[in-house]
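User: Hi! I'd like to go through this structure with you. Could you take a look?

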Amino acid sequence: MLKYFSSLLILLFTLQSIAQDTIKKYPERYGLRVGVDLHRLAKSFYDSNYKGLELEGAYRLTKKFYVAGELGNEEKTVDDDRFNFTTSGTYFKAGFDFNSYENWLDMENLIHIGLRYGFSSFSQQLNSYTIYDAANFYGVNTIYPNQKFSGLNASWIEVVGGVKAKMFNNVYLGFSLRLNYLVSNKKPDNFDNLFIPGFNRTYDGKFGAGFNYTLSYFIPIYKKNKKEIKKTTANE
């Protein structure tokens with residue numbers, strides 16, 4: 001009987017060693033990522049009707065969540081068949097990003113979705129507009145009022161989806177798409193806010209869309225260990 005009991009103990013210890021887990025720890029970095037929108041920066045050089053700059057920042061709170069936001073200014077002149085107007089103002093956006101990408105070991109790439117609340121303060125200048133004029137040979141007449149409307153503002157909710165990939169030592173290249181919905185919109189008298197800094201074109205409605213290309217730098221502040229469980233065998 002003792003012989004069989006001893007054999008059973010040996011078998012149990014062998015099975016335990018086969019099924020035993022080994023926990024390895026890998027440090028994960030937490031800190032602040034700051035960057036600039038390359039699209040707005042480049043457009044300021046090649047488009048004479050546009051000037052703009054947007055800075056972004058994100059702080060890693062947990063393994064998956066980041067507090068994120070953008071701060072910028074834009075000046076844009078729009079010239080279409082009816083109006084020529086210039087919009088100028090500043091804006092900020094604040095919210096969060098969720099990283100859905102599961103990085104290996106010390107990788108720090110992101111495939112993220114997020115939400116922002118945006119607010120913009122700006123002015124509109126109506127440079128010219130056209131009206132129908134039967135007395136005119138061309139049928140239209142162009143008016144140049146050069147009228148400025150100040151103290152305007154708007155707010156919106158923004159859904160964000162994008163990626164960030166590590167290029168080399170703490171430097172990341174990213175791209176994101178943004179879908180916007182206006183919450184509030186203070187308009188001037190007898191004119192509409194057809195362009196809102198930070199929101200983009202309104203297209204006579206509440207919806208807007210935009211995108212950005214970002215170059216950012218990660219500033220590490222502290223580290224936390226990431227645990228990885230590895231199955232071991234008796235041979236190990």
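Predicted model: local features only at pLDDT ≥ 70, side-chain atom pairs only at ≥ 80, totals over all residues.

User: What share of the contacts with a separation of 6 or more joins residues 24 or more positions apart?
Analyst: That share is 65% in this chain, where contact means heavy atoms within 4.5 Å. Residues are numbered from 1 along each chain as its sequence is written, and side-chain values use heavy atoms, with hydrogens and water left out.

User: Thanks! How many helices and strands are there?
Analyst: The chain has 2 helices and 11 strands, taken as DSSP runs numbered from the N terminus (helices H or I, at least four residues; strands E, at least two). Along the sequence they run α-β-α-β-β-β-β-β-β-β-β-β-β.

User: And how much of the chain is buried?
Analyst: Of its 236 residues, 36% count as buried, meaning under 20% relative accessible area with a 1.4 Å probe, protein chains only.

User: Switching to Glu56: why does it count as buried?
Analyst: Glu56 counts as buried because its relative accessible area is 11%. The residue sits in strand 2 (residues 50-60).

User: Which residues does Glu56 touch?
Analyst: Leaving out residues up to four places away in sequence, Glu56 touches Arg33, Val34, Gly35, Val36, Gly69, Glu70, Lys164, Thr214 and Ser216.

User: Now pockets. What space lies in the largest pocket, and what lines it?
Analyst: About 360 Å³ lies in the largest pocket. A pocket here is an open set of points on a 1 Å grid over the protein atoms alone, where a 1.4 Å probe fits, with protein on both sides within 12 Å along at least five of seven lines; lining residues have an atom within 4 Å of a point. The volume is the space filled by probe spheres set on the points. Its lining has 23 residues, with Arg29, Arg60, Asp106, Met107 and Glu108 nearest the centre.

User: Which element gives the largest share of that lining?
Analyst: Strand 1 does, with 5 residues.

User: How does the lining of the largest pocket divide by residue type?
Analyst: There are 9 nonpolar, 3 polar and 11 charged residues. Asp, Glu, Lys and Arg count as charged, Ala, Val, Leu, Ile, Met, Phe, Trp, Tyr, Cys and Pro as nonpolar, and the others, Gly among them, as polar.

User: What about the second largest pocket?
Analyst: About 270 Å³ of space lies there. It is lined by 19 residues, and Arg40, Glu74, Asn200, Gly210 and Phe211 are the closest to its centre. Strand 11 gives the most to this lining, 4 residues.

Methods
Buried < 20%, exposed > 50% of the residue type's maximum accessible area, 1.4 Å probe, protein only.
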